[in-house]
Amino acid sequence: MLKRYLPFIMAVGIGLSYIISGSSPVISSWKATLDKWFLISTAFAVLIGTASLSQVHWRNLRRPDRRIYSVALGIALYGTILLGLIQTGRGAQYQILYNMTIVPLEAAILSQIAFYITSAAFRVLRMRSFEASLMLVSAAIVMLYNVPIGAAIWPGFPVIGKWLMNIPNTAAMRAITMGAALGGSATAIRIFLGLERSYLGGGDE
Amino acid sequence: MPIFSGQLIVMLIQVSVAILIYFLIQHAKAGHRLPKIRRLAGLDAIDEAIGRATEMGRPVIFANGSNGLDDAQTIASFPVLSYVAHTCARYDTKLIAVSYVAPVYPVMEAIVRAGYIEANKQTSYDPVSTVRFIASGWGAAASALQGTMRRERVAACIYMGAFFAETTMICEVGASLGAIQVAGTASTAQLPFMISSCDYTLIGEEYYAAGAYLSKDVVQRANLIALDYTKVLAICLILLGAIMATLGNASALTSFLML
């Protein structure tokens, strides 16, 4: 009962008081306090996540097919934590570890995007329907607008390309952004009213 | 209670929305008919995707993006995960729910376990292989997700949440595997990639409505309808502002809204 309702009551109470503190000068200092609490609770959430992850990989050690991956994860996780505790994040070895592993690996993964975007563009730009044809023509004009050769071929490409980007594209993106903002508020209201409780980890109940 | 300048109308709108929601919930509980909600093909397709995975005997993968519990997009993914877990458990379909944010992982684990318990299939729930923390950060996660999808030969991919540069990579891998892909996000920069690679995409507000839409609960539906009325009000205000700005007289409306 307490496990179920205490987090919910805390979420509703703190959420509502946060909204009110943004509107009234009487309790505006409460907002700053809550912001500090948020940072502290986020740190604890990382701790819970790490503990839960360790638990799962501890269990994995009993399964020979998964053991090697769990050992690798454990060494990487606790080795980095230990090095960070000894040297802080600015330590020379800690920086080397980060710059020599994470940075080049992420760059290598990011480089795949060019190929994937090409295959996605090929799929979208096939002229299967009127809408797809419209998309193909618009994409071609916008591409020519973004390269110097476009203006050299025909001076109208930059004009049309700029219009496509500034008028229809901006209008559609703003509509989506406004819809998303209203949807986000709707989710917040659902949480405050207790209609959305899945974040407590127990389905819709 | 004193109120900051420009916050009065905002507070009045918030209170009005809460009253409207309460009224519609009571209306629904009293057995009155609620207005119909338009069908969202993307959410209806989740059943189809899980059904296909069941027929093929291949797993369903669920990913909820790169953001933490402080993002409404992550919170909005949980009811969908709950629904997917419950449906997969009911049909004995293998589910792989992946997280790449450490604090989100235990919440996902609890939701999936609850889904299996609700379906009375708690013995089928494998805590090690069902919910997986694959990596931290989008780069490593993209690599791990691609590998998982290819090794497990997933038949259905459900992406709900805030995604970043990994979107194209994972969606294209799913498309190359011939999997049914259902995506939902409010990240406008990633929407074009999802639309181009996935079979169904929930755009912006549709994504936030997913939880209430899937629940089939009358209270949740009443809430969704009340919030749609609020959206109508917001659209009316936008139109009014656009007309008044075109006529060169938007200051009166701005002054009113900034009370």
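**Exercise 1. Find where A:S52 sits in this predicted model, and decide whether it is buried or exposed.**

Solution. 
Step 1: Look for the element. A:S52 belongs to helix α2 of chain A, which covers residues 28-60.
Step 2: Check the accessibility. The relative accessible area of A:S52 is 9%, and the cut-off for buried is under 20%. A:S52 is therefore buried.
Step 3: List the contacts. Leaving out residues up to four places away in sequence, A:S52 touches B:Y105, B:P106 and B:E109.

**Exercise 2. Now try A:T50: which residues is A:T50 in contact with, beyond its neighbours within four places in sequence?**

Solution. 
Step 1: A:T50 is also placed in helix α2 of chain A.
Step 2: Its relative accessibility is 17%, so A:T50 counts as buried.
Step 3: With the neighbours within four places set aside, A:T50 contacts A:L77 and A:Y78.

**Exercise 3. Describe the contact between chain A and chain B: how many residues does each chain give?**

Solution. 
Step 1: Count the residues. Chain A gives 56 residues and chain B gives 64 residues.
Step 2: Look at the area. The two chains bury about 4,800 Å² between them, and 70% of this is on carbon and sulfur atoms.
Step 3: Turn to the pairs. There are three residue pairs in polar contact between chain A and chain B, with both residues at pLDDT 80 or more.
Step 4: Ask which elements take part. On the side of chain A that touches chain B, two or more residues come from each of α1 (2-23), α2, α4 (92-110), α5 (113-124) and α8 (156-192) of chain A. The largest share, 14 residues, is from α8(A).
Step 5: Sort by class. This side of chain A has 28 nonpolar, 19 polar and nine charged residues.

**Exercise 4. Follow two salt bridges inside chain B, starting with B:R38 and B:E206.**

Solution. 
Step 1: The side chains of B:R38 and B:E206 meet at 2.9 Å, N to O. B:R38 lies in the loop between α1 (8-29) and α2 (41-56) of chain B, and B:E206 lies in helix α8 (residues 205-215) of chain B, so the pair ties together parts that are 168 residues apart in sequence.
Step 2: B:R38 is exposed, at 55%, while B:E206 is buried, at 18%.
Step 3: Move on to B:E152 and B:K94, whose closest N and O atoms are 3.0 Å apart. B:E152 is in helix α5 (residues 138-152) of chain B and B:K94 is in the loop between α3 (72-90) and β2 (95-99) of chain B, 58 residues apart.
Step 4: B:E152 is partly exposed, at 24%, and B:K94 is partly exposed, at 37%.
Step 5: Widen the view. B:K94, B:R132 and B:E152 are linked in a network of salt bridges.

Notes
Residues are numbered from 1 along each chain as its sequence is written. Chains are lettered from A and ligands numbered from 1 in the order in which they are written. Side-chain values use heavy atoms; hydrogens and water are left out. Helices (H or I, at least four residues) and strands (E, at least two) are DSSP runs, numbered from the N terminus. Buried means under 20% relative accessible area, exposed over 50%, partly exposed in between (1.4 Å probe, protein chains only). Contact means heavy atoms within 4.5 Å. Buried area is the accessible area (1.4 Å probe) that two parts lose on being put together, summed over both. A polar contact is a pair of N or O atoms within 3.5 Å; within protein, one must be able to donate a hydrogen and the other to accept it, and residues adjacent in sequence count only if both atoms are side-chain atoms. Ala, Val, Leu, Ile, Met, Phe, Trp, Tyr, Cys and Pro count as nonpolar, Asp, Glu, Lys and Arg as charged, and the others, Gly among them, as polar. A salt bridge is a side-chain nitrogen of Lys or Arg within 4 Å of a carboxyl oxygen of Asp or Glu.
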